[in-house]
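The sequence and the structure are shown first.

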Amino acid sequence: MKTLVNWLDDRTGVVSAINAFLFTYIPGGPRWRYSWGTVLLFAFCVQAITGVFLMTAYSPSVDSAWASVHHINFNMTGGQWLRGIHHYTASAVVALLAVHVVQVIIYGAYRAPREVTFWLGLVLLQITLAMSLTGYLLPWDQRGYRATQVSTNLAGITPGLGPYIKKVAVGGDAYGNATLTRFYALHVAILPAILVFFLALHLTMIRRHGVTTPEKARSSRGAYYWPHQFLRDAGLCGAVIGAVLLTVWWEGGAELGPPAQPNVAFEAARPEWYFLFLFQTLKYCHGEVGELIGAHVIPGTIMTIFALMPITGRWKIGHYFNVGFTVCLGIAIATLTGLALYEDANKPSYQQALKWAEEEAHVYIDVAKKNGVPPEGIFAMVAKEAKIQGPNLFEANCATCHRINGHNGKYSTTDEAAFAFDLGGFASREYLTEMLDPKTAASPRFFGSWTYEENGKRVVEQGAMLEHIQTTIAGYYDDARKVKTDANGQVEKNEKGEVVYAETEEEWAKRKETNLTRRTQLQLAINALSAEARLPHQAAIEAKEKAQIELGQQLLMDSSLGLECGDCHTFRGGGTEGAGAPDLTGYGSPEWLREVTKNPKSDRFYAHRYSEEDSKLTLMPAFGEWEEALTDEQIDLLVEWMRKKPFDPAAPAVAAHGGDEPSVPEAASTGDAPVVEEPAPAATPDATAAATGATPAGAR
Amino acid sequence: MAESSHPGTDGPDLERRNLLGCGAMLLGGVVVLPPLAAGVAVLTDPLTRNPASAGDAKGVWVKVCKLTQVPTDGTPKRFKVVAEKVDAWQRSVGELGSIYLRRANATATPVALQAACPHVGCIVTYKSPVFNCPCHNSNFQLDGKRIDPDHSPSPRDMDSLQVKLEPDPDPKLAPDVWVNFMNFKASQSAQEPV
């Protein structure tokens with residue numbers, strides 16, 4: 001063994017070189033502070049190792065970049081770890097660089113004779129940031145795409161060569177395959193080669209000059225690099241890789257956003273955390289000149305001050321200035337980063353966009369996991385995916401008038417009023433209960449959205465249905481004993497000062513009983529109407545309550561039984577035709593929704609509204625008639641998504657506009673609906689309802 | 001630089017230093033392990049993966065053609081085998097490979113031969129009256145047997161595949177020819193599915 005080592009050393013000198021390195025003398029002994037550079041070197045090695053392995057599985061093309069990263073991340077053994085380590089070590093490199101630079105400045109290690117070492121370090125800093133920028137694009141997700149757009153546009157405003165640099169970097173005018181192949185080449189070959197070159201020079205300088213020993217330690221005992229300093233270095237490296245591994249485990253790997261969609265606005269676009277201060281700075285820089293100042297003059301000035309430090313640091317006061325400048329810069333960066341995070345945390349539109357981006361990414365990821373990516377690409381893969389196409393179509397076609405749970409299908413809310421019903425949970429029991437509740441019917445989620453402009457104000461249309469709810473149905477809830485009022489509306493009182501009632505005790509008791517029956521009937525009718533929609537999440541309870549639903553259907557059809565639905569509506573062959581109210585047969589079912597979307601003007605739906613010449617309302621277009629509108633396939637996707645969407649009872653829109661919280665009868669929450677143990681087929685609806693369903697009204 | 005003549009270094013306790021040295025080496029090794037391990041895991045991912053649906057050990061039954069497309073005079077004809085396949089992240093319907101179908105007369109069930117040469121996998125061509133591999137000149141008879149086994153580059157005869165006929169739902173049409181398609185390891189005398 002020893003002979004072999006000697007033979008090798010004789011021919012190559014490798015062993016001596018390693019020995020020379022390991023037994024470098026450190027005056028004053030080992031210190032933790034000397035480890036930062038080594039740790040940084042280690043982090044670069046981690047990036048090189050993981051990077052090369054990632055290259056074996058990555059494909060730099062618009063059609064396959066996202067798909068191959070998805071494949072690495074979710075299908076390949078260890079892929080989540082490999083990509084995770086690469087992603088979070090990139091962050092660690094930037095953090096370690098900052099620490100390294102700061103401590104070099106504080107300890108004056110940038111001064112003679114180490115000026116060149118310092119300058120080489122500054123070059124390495126720039127290359128590292130360029131590595132990070134180019135790497136961010138490679139997954140070809142929305143975030144990377146937008147960030148690249150920003151960074152290349154900023155490069156483009158550089159006076160003189162800017163536009164040419166931009167065009168060469170992007171590979172033309174539009175971002176696409178050429179951008180990816182160029183950024184890929186930069187990231188895996190060109191920049192690493194430059195980095196290795198400057199790193200080699202930097203390390204040679206360090207070997208030449210050794211560490212900067214504090215003056216008071218110069219007299220104390222020294223030591224060799226091996227093993228004490230090496231142990232410190234390795235320990236710190238272990239801590240860094242440990243932290244990275246912990247983050248990968250905690251976060252479940254690196255994030256993969258929704259694939260890049262050049263024509264879709266992406267408000268959740270943000271750079272990596274270490275560029276947030278620049279991002280924030282650009283917010284304060286206005287106009288062409290401002291942008292130039294923010295993107296070039298300020299960073300350029302800062303870099304110049306750094307580059308001059310070895311010269312200014314010759315004087316004591318210069319050194320103090322340099323330390324002070326670094327500290328101030330650190331505070332400024334921290335403040336700007338904090339501001340950027342704070343502003344985002346308090347910006348609903350950002351949070352909403354982020355929520356949608358996360359949801360969208362999950363759908364893409366899940367579909368790719370389940371079906372693989374077809375040769376036509378990622379977007380073909382989700383062309384028939386209601387969870388993606390539903391929100392897209394709703395936002396583009398419906399959200400001008402409608403909302404869904406208060407938002408536009410992608411969680412984005414606006415202060416502008418809706419002109420039509422909120423469709424979140426449409427035709428579900430909860431939805432219909434609130435819609436027909438006198439307290440909530442006029443809220444902007446329901447009839448309160450039907451407004452027109454009059455004398456510069458928006459006025460809610462007092463339509464027949466709303467009136468019915470606010471008078472007849474409201475009467476079902478009025479259990480207070482009626483009092484006599486005089487011509488002025490004052491409550492009449494007798495000589496003793498007692499209130500004079502308009503109804504006797506018996507009349508009052510009877511009315512209360514009727515009210516109870518009507519409220520129960522109403523709930524039964526609502527449940528029956530909701531069953532028309534055949535909503536998947538109500539299938540179980542509807543199967544259980546078959547008898548009550550049949551009862552509710554009778555109530556809906558036959559106005560002689562108490563409720564007055566059939567006076568205007570048609571339902572399953574009953575009711576009144578031509579009274580101008582929409583057909584309730586199949587209300588909210590996929591077929592009903594598709595047809596109403598295609599042609600709301602039909603006699604089956606809202607024909608009377610379109611025939612009223614003076615209708616003040618903005619009416620819905622017939623999407624089936626109008627060219628370039630929605631295809632049948634698109635309407636089906638929209639309907640599928642609307643019906644799948646779980647109804648969120650805590651929809652913010654209600655709380656924001658409604659004022660008082662809608663109180664939903666307990667029976668409406670699907671779990672507690674009244675159950676008929678033994679349906680009594682012979683009993684009249686009135687009697688059965690009164691006998692079985694006292695709870696819904698009683699809860700009020 | 002390796003001389004220990006620097007002032008201030010005391011004579012090190014050798015045993016302690018050896019122990020520390022071992023610890024240092026261990027720690028140094030451990031810190032580079034995670035990125036390497038993750039990388040090797042990804043690189044060797046194909047080894048940990050079950051064979052893809054196509055061409056695995058069990059083979060996959062693929063409808064290749066109509067029976068009437070196979071000549072009845074014993075002339076072999078090559079057909080592409082098209083089925084769903086997975087190529088890393090991409091799932092598509094594409095060519096898995098190709099086969100020769102041949103039947104001696106109109107009543108016989110066709111016989112299927114893998115078109116890939118058992119030698120190193122080139123596509124064997126039909127040069128009447130034999131099969132010839134254009135790469136290294138292996139020659140096979142029409143039943144797939146090597147013509148001169150002792151001097152053939154191919155270590156075994158051409159690989160035959162199972163064939164079945166399924167009637168078309170429309171009785172007026174000819175039945176479909178189905179083949180249990182699979183790939184075999186090249187360059188070995190024993191026939192073994194990939």
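**The contact between the chains**

The model is a predicted one. Chain A contributes 45 residues to the contact, and chain B contributes 38 residues. Between them the two chains bury about 3,300 Å², and carbon and sulfur atoms account for 72% of that area. On the side of chain A, A:Phe53, A:Thr77 and A:Tyr224 provide 17% of the area that chain A buries against chain B, more than any other three residues. The number of salt bridges between chain A and chain B is zero.

**Chain B**

Chain B holds two helices and 10 strands. Read from the N terminus, its elements follow the order α-α-β-β-β-β-β-β-β-β-β-β. Of the 194 residues in chain B, 34% are buried. The chain exposes about 11,100 Å², of which carbon and sulfur atoms supply 57%. When contacts in chain B between residues at least 6 apart in sequence are considered, 49% of them join residues at least 24 apart.

Three strands of chain B make up an open sheet, ordered β5-β6-β7, with antiparallel pairing. Its edge strands are β5 (125-127) and β7 (139-140) of chain B, each of which pairs on one side only. Strand β5(B) is joined to β6 (residues 130-132) of chain B by three bridges. Within this pairing, B:Tyr126 lies opposite B:Phe131 of β6(B).

**Selected elements of chain A**

Helix α14 of chain A covers residues 348-371, which amounts to 24 residues. From the first C-alpha to the last, α14(A) reaches 34 Å, close to the 34 Å expected at 1.5 Å a residue. Just after α14(A) comes A:Gly372, with a positive phi of about 75°.

Chain A also contains a hairpin formed by β3(A) and β4(A), with two residues between the strands. Strand β3 (residues 451-454) and strand β4 (residues 457-460) of chain A are antiparallel and pair over four bridges. A:Thr451 has A:Val460 in β4(A) as its bridge partner. In this hairpin, A:Asn455 adopts a positive phi near 50°.

| Strand pair | Number of bridges |
|---|---|
| β5(B) and β6(B) | three bridges |
| β3(A) and β4(A) | four bridges |

In general, strands of a sheet pair through backbone hydrogen bonds, in either a parallel or an antiparallel manner.

Conventions: Residues numbered from 1 in each chain as written. Chains lettered and ligands numbered in written order. Predicted model: local features only at pLDDT ≥ 70, side-chain atom pairs only at ≥ 80, totals over all residues. Heavy atoms only, no water. Expected span 1.5 Å × (residues − 1). Pairing = 2+ DSSP bridges. Buried < 20%, exposed > 50% of the residue type's maximum accessible area, 1.4 Å probe, protein only. Contact = heavy atoms within 4.5 Å. Areas by Shrake-Rupley, 256 points an atom, 1.4 Å probe, with all protein chains shown as cover. Buried area = accessible area lost by both parts, 1.4 Å probe. Salt bridge = Lys/Arg side-chain N within 4 Å of Asp/Glu carboxyl O.
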